Amino acid sequence: RLHLVTWNVGTASPPPDVTSLLQLNSLGTTTDMYVIGLQEVNSKITNFLSDLAFDDPWSIFFMTVLSPLGYMKLSSVRMQGLLLLIFVKHVHLPFIRDIHTHYTRTGLYGYWGNKGGVSIRMSLFGHTICFMNCHLPAHMENTEQRLDDFEKILEMQFEGEDIPSPLDHELLFWFGDLNFRIADYGIHFVRESINNRRFSLLWEKDQVGWLSLFGGLILHSILSFWQLVCLLISLFTLHFCSEKKRKPAWTDRILWKVKNNYEIEAKEGEFPEENTISVSQTNYLSHMSYGISDHKPVTGTFKLEV
């Protein structure tokens, strides 16, 4: 059982309690792995230099919560405001190999790390898995920039190392503040569609799905495979009522892709019968009780069978 969190924390400090975020009451210690991706962690120069010498407050916070429950911090990677943490039960440690981390800057033409992606990859019980936490450019007019940045991140992750690209892993989780929007419609039409539960109209203009059909480039062949799920109505309400008054959108997402048998067959020349991995999603939630940021955390719980 894998529990994944994505949260744009808006430079805030950790909240007093994360019991519901980590679903400690409902799942208890039945979760085998926690993957926590944060964006906009406080990266002012004084904070960042301190964090280089010591663990940052968010890492310490989650360690304090999870260590007494039998979890160990397996790996972490940080690039300015982007932070990716993985905690795992001690019992699984002998079966995890080849852990590597990487980061790609896309801010200021690749010279600044306020935007970009961080990744952790591993071999888990003999299966290659990659977790990629991204923060892509905001605003409606930057659709092409988001597309370009995502392509650049995919190309540069683990470049020059003897490691497969993220898409060549058997299982890839892509998550973060991806900032894809709902195209064409105005804010009032979107609000009415939400109130009337006419979500199909909004899905048609969702930029992730739209780009997979018309965007060309790399997303054309990628996003048709992504398993994309819908957020709660409350997330829309939150974005509409926020001070920014931006059009509601699915900005914070958890996407995942299993390398299907046809891809493996084409690459290896034979159909794999035994060495396969399957993924099923058991829940996908937004957590509205957390108010430290103008984003709400989004979590997904998955069952991995290997």
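Predicted model: local features only at pLDDT ≥ 70, side-chain atom pairs only at ≥ 80, totals over all residues.
Asp-168, at 31%, counts as partly exposed.

How many salt bridges does the structure hold? Two. The other one joins Lys-303 and Glu-305, with the closest N and O atoms 3.6 Å apart. Here Lys-303 is partly exposed, at 44% relative accessibility, and Glu-305 is partly exposed too, at 43%.

Now, on to the sheet. You'll find six strands in an open sheet, and going across you read S3-S4-S2-S1-S11-S10, with mixed pairing. Which strands stand at the edges? That's S3 (71–79) and S10 (278–286). Each has a single partner strand, so one side of each has no neighbour in the sheet. From one strand to the next, the twist averages 15°.

Let's zoom in on S2 and S4. S2 covers residues 33–39, S4 covers 82–89, and the two run antiparallel, joined by six bridges. If you want a spot to look at, find Val-35: it stands opposite Ile-86 in S4. Then there's helix H2, residues 57–66, which packs on the sheet and touches S1 (2–8), S2, S3 and S4. The direction of H2 makes about 15° with that of S4.

Next, the cores. In soluble globular proteins, nonpolar side chains tend to be buried together. In this model the largest nonpolar core has 29 residues. Val-35 turns up again here, among the residues with the most contacts inside that core, and so do Leu-2, Met-33, Met-122, Phe-131, Phe-173 and Leu-304.

Take Phe-131. What does it touch, leaving aside neighbours within four places in sequence? Its contacts include Leu-2, Leu-4, Met-33 and Val-35, as well as Leu-84, Ile-86, Met-122, Phe-173 and Phe-175. There's also a second, separate core of 20 residues, and Val-5, Trp-7, Phe-62 and Tyr-290 are among them.

That's my tour, thanks.

Conventions: Residues numbered from 1 in each chain as written. Heavy atoms only, no water. Pairing = 2+ DSSP bridges. Helix = DSSP H or I, 4+ residues; strand = E, 2+ residues; numbered from the N terminus. Axes fitted to C-alpha atoms, helices over the stretch in contact; angles between N-to-C directions. Contact = heavy atoms within 4.5 Å. Core = buried A, V, L, I, M, F, W, Y, C linked by side-chain atoms within 4.5 Å. Buried < 20%, exposed > 50% of the residue type's maximum accessible area, 1.4 Å probe, protein only. Salt bridge = Lys/Arg side-chain N within 4 Å of Asp/Glu carboxyl O.
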